[in-house]
Amino acid sequence: MALAPTSSRPPDADPASAPAPARLRSRARRQKTAPPEEGHRERANGRDRWWVAAFLVPFLALYLGFTLWPLIATVYYSFFDWSGSGPLNNFVGGGNYSRVLGDPLFWQAVVNTLLFAIGTTAIKLPLSLLAALVMTRKWLRAKKALRTVFFAPLIIPVAMAGLVFTYLLNPSNGALNTALHSLGITDGTTDVFANRWTAMLALILVSVWQVFGQYMIYWMAALQNVPDELYEAAALDGASEWQKLTRITLPLIRPVAVVIVMLALVNAMHVFGLVVTLTGGGPGTNTYVVSYFIYKQAFGSMPFAYGYASAAALLFSVMAFLLVTSQGLFVRRAQKKRKEYGV
């Protein structure tokens, strides 16, 4: 007569009553299949760490050689009256900084830089936002072709763009003067580079033409984060397109808009190539910007004032840094406004 095994367990028995090895195997399976906890970060270990280090080494080498070391060297050179060659013997301390702060040409360059930055930002951002709104409409056709048309000027080197517009705006035989003369508006000898304001306007418009597509892409990326459900609900309530723009679109993209505005201002403050090729700082020094001022001080005349130019570069960098760090306050305020919409 066969005896039933005493260790058998019904299929629906409580897992806690299972033998210890079975419970451990069941727990291991659950841990293996359980989803990772929120905020968990996978850490590289073993051989993966060597691969991570191998890919980081080229970046670190380039960063140290072309960013960190030039910055440290610029700070060091700014304390010397140095021409860029020979030993660093003439230590002047803060003398270069005092000279820069007392230089009227430096402050004129600062004012021109701010005028250029504010002018280009005030023109290119609203226009590129309008273009982005149109480009994101479902009824628009040939979107890829239009994006290419708007983005194409950005791939043209800045120096080449400046040279092209130098010929187009030439006072004697440029295309602009020819067109104005044929329309009977002028006598064909208008020189836009002879006046401070027309020369600055030319710089601003050429810059807007070249970087327009870049900021249009930024706005398009921001607009894609606006939920379509809000537009549908607004349409059901009878909202107009203007009300959708002012009540939904602009408040929701405000955090990104703050970043885009700061990027536009900072990038415009580093204008250099257009000034060199289009106006050369003229007429006189009326379109000097800070980057061009630094270039002229460092390499424009003999002997080179490399230490003086380094001090001017550092002072300008501090101004730009203060502008960039101020965006955090505006972004936080914009984020609070966005949360009011529940997104």
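**Helix packing, aromatic pairs and local backbone features**

In the predicted model, helix 2 (residues 47-77) packs against helix 14 (residues 306-325) at an angle of about 115°, the two axes lying 8 Å apart. The crossing of helix 2 over helix 14 is left-handed, and the contact is formed by Leu71, Thr74, Val75 and Tyr77 from helix 2 together with Tyr306, Gly307, Ser310 and Leu314 from helix 14. Of these contact residues, five are nonpolar, three are polar and none is charged.

The structure contains 21 aromatic pairs. In one of them, the ring centres of Tyr77 and Tyr306 are 5.8 Å apart and the ring planes stand at 70°, so the arrangement is edge-to-face. Because Tyr77 belongs to helix 2 and Tyr306 to helix 14, this pair ties together parts separated by 229 residues in sequence. Tyr77 is buried, at 18% relative accessibility, whereas Tyr306 is partly exposed at 28%. Phe150 and Phe212 form a tilted pair, with ring centres 5.4 Å apart and planes at 50°; Phe150 lies in helix 5 and Phe212 in helix 8 (residues 196-223), so that parts 62 residues apart in sequence are tied together. Phe150 is partly exposed, with a relative accessible area of 29%, while Phe212 is buried at 13%. Both Tyr77 and Tyr306 also belong to an aromatic cluster that includes Trp82, Phe91 and Tyr292.

A cis peptide bond, with omega about 0°, links Gly282 to Pro283, and Pro283 is located in the loop between helix 12 (273-279) and helix 13 (290-299). Ala142, although not a glycine, has a positive phi of about 55°; Ala142 lies in the loop between helix 4 (104-135) and helix 5 (143-151) and is exposed, at 52% relative accessibility.

Note on methods. Residues numbered from 1 in each chain as written. Predicted model: local features only at pLDDT ≥ 70, side-chain atom pairs only at ≥ 80, totals over all residues. Heavy atoms only, no water. Axes fitted to C-alpha atoms, helices over the stretch in contact; angles between N-to-C directions. Helix = DSSP H or I, 4+ residues; strand = E, 2+ residues; numbered from the N terminus. Left-handed = near helix turned anticlockwise from the far one by under 90°. Contact = heavy atoms within 4.5 Å. Nonpolar A, V, L, I, M, F, W, Y, C, P; charged D, E, K, R; others polar. Buried < 20%, exposed > 50% of the residue type's maximum accessible area, 1.4 Å probe, protein only. Phe/Tyr/Trp six-rings, centres within 6.5 Å; stacked < 30°, edge-to-face > 60°.
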